[in-house]
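Here is a structure to question.

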Amino acid sequence: MDDVIGGDGFELVAAVLLLAGAVLSLAAGVGLVRFPDALSRMHAATKPQILGLICVLVGVVLASHSWSALLVVVVAILLQLLTSPMSAHMIGRAGYRTGNYRRDLLERDELEDDIKRASD
Amino acid sequence: MTESAQDLPPVHGSTPVRKWGGQMIQQAPLLVVLVLLWLFLWGSFSPLDIVVGILVALLVTRVFELPPVQLSGRFNPWWLLVFLVRFAGQVVAGSVEVASKAFRFGTVVRSSVIEVGLTTTSDFVMTLTAITMSLVPGSLILEVDRSGSTLFLHVLGAVDDDAIEKARRKVLHAEVDILRAVGSRDELVEAESRLRGKVSA
């Protein structure tokens, strides 16, 4: 059934990848707590997760020595890449429109300028 | 990553998809992707799986009909590869950057919302550019003005003109990369000259 790929070297790479994924997930968690407003938190919630997830999944494939796992992982990564921008956009958009951000922490806000121009 | 003026890519397979196609040809890439997804999920590639996959793909596209995606008909695998490599690099660099900001205790991170006008009028290219910028850590799409081809992004940590201009150029650069891979020729030429103008200015 499952063709075996790789040898002991793969175990080491897998361990490194899993660790990297874990560190990125930790960073996402810390960012979620530490970043000041909803929009900044979206960065923490969605971004390290992408590379983190890829690291973990690739690590799992290497550790499991199986090709069929690779197929499922490829699908999982692609769907993640396609769907996470959508949710990030919808939440970010809603967050901006409902004023769920700290204006004082925005250096520049060209969307506000644009809305002002449109309403003038 | 240098942003030197690169030569125009060679044009491969510039068949005008819409002329002789109709819906089936337009939907062909979608069908192929759906069949591949089916095969990957089953983890086997037997002829029976392929036939069933095609049937399921046809059924799904009939039941959940979507407006057809208008492709330019141009596809350049080499530039697609360049784009993917560059994109992967940005994802890694951005992840490290956002992570390091998260761990920089004692400071409150500031950001900017920037407006970037794209060259393209194609929904497909605009969507891909938006997705790309969404996936690259540090930028988040807040709003899209489809009629004006304008993206509004929240850029984490962009606190001075330099950083803002850099972020703006990154978006335009992503657009050029995508146009090189799947965009129309005219828009590519226009976007490239715009990007060069921005770089030299």
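Q: Why does A:Ser40 count as buried?
A: This is a predicted model, and its values are computed from that model. A:Ser40 has 2% relative accessibility. Buried means under 20%. A:Ser40 therefore counts as buried.

Q: Where is A:Ser40 found, and what is A:Ser40 in contact with?
A: A:Ser40 is found in helix α2 of chain A. A contact needs heavy atoms within 4.5 Å.

Q: Why is A:Asp37 called buried?
A: The relative accessibility of A:Asp37 is 5%. The cut-off for buried is under 20%. So A:Asp37 counts as buried. This residue lies in a loop, between α1 (8-34) and α2 of chain A.

Q: What does A:Asp37 touch beyond residues up to four places away in sequence?
A: A:Asp37 touches A:Asn100, A:Tyr101 and A:Arg102. Take A:Arg102. In sequence, A:Asp37 and A:Arg102 are 65 residues apart. In space, their C-alpha atoms are 6.0 Å apart.

Q: Why does A:Ser66 count as buried?
A: A:Ser66 has a relative accessible area of 6%. Buried means under 20%, so A:Ser66 is buried. A:Ser66 is found in the loop between α2 (38-64) and α3 (67-97) of chain A.

Q: How far does A:Ser66 lie from A:Leu105?
A: Their C-alpha atoms are separated by 48 Å. Along the chain, the two residues are 39 apart.

Q: What makes B:Phe45 partly exposed?
A: B:Phe45 has 43% relative accessibility. Buried means under 20% and exposed means over 50%, with partly exposed in between. B:Phe45 therefore counts as partly exposed.

Q: How many aromatic pairs does a search of the whole structure find?
A: The search finds four aromatic pairs over all chains. One of them joins B:Phe40 and B:Phe45.

Q: Why is the pair of B:Phe40 and B:Phe45 called edge-to-face?
A: The ring centres lie 6.1 Å apart, and a pair needs centres within 6.5 Å. The planes make an angle of 75°. Planes over 60 degrees apart count as edge-to-face, so this pair is edge-to-face.

Q: What is the secondary structure of chain A?
A: Chain A has four helices and one strand. From the N terminus on, the order is α-α-α-β-α. Of the 120 residues of chain A, 41% count as buried.

Q: What is the secondary structure of chain B?
A: Chain B has six helices and three strands. Along the sequence, the pattern is α-α-α-β-α-β-β-α-α. Of the 201 residues of chain B, 42% count as buried.

Q: What share of the accessible surface of chain B belongs to carbon and sulfur atoms?
A: The share is 67%, out of about 10500 Å². Chain A exposes about 6400 Å², and carbon and sulfur atoms supply 68% of that area.

Key: Residues numbered from 1 in each chain as written. Chains lettered and ligands numbered in written order. Predicted model: local features only at pLDDT ≥ 70, side-chain atom pairs only at ≥ 80, totals over all residues. Heavy atoms only, no water. Helix = DSSP H or I, 4+ residues; strand = E, 2+ residues; numbered from the N terminus. Buried < 20%, exposed > 50% of the residue type's maximum accessible area, 1.4 Å probe, protein only. Areas by Shrake-Rupley, 256 points an atom, 1.4 Å probe, with all protein chains shown as cover. Phe/Tyr/Trp six-rings, centres within 6.5 Å; stacked < 30°, edge-to-face > 60°.
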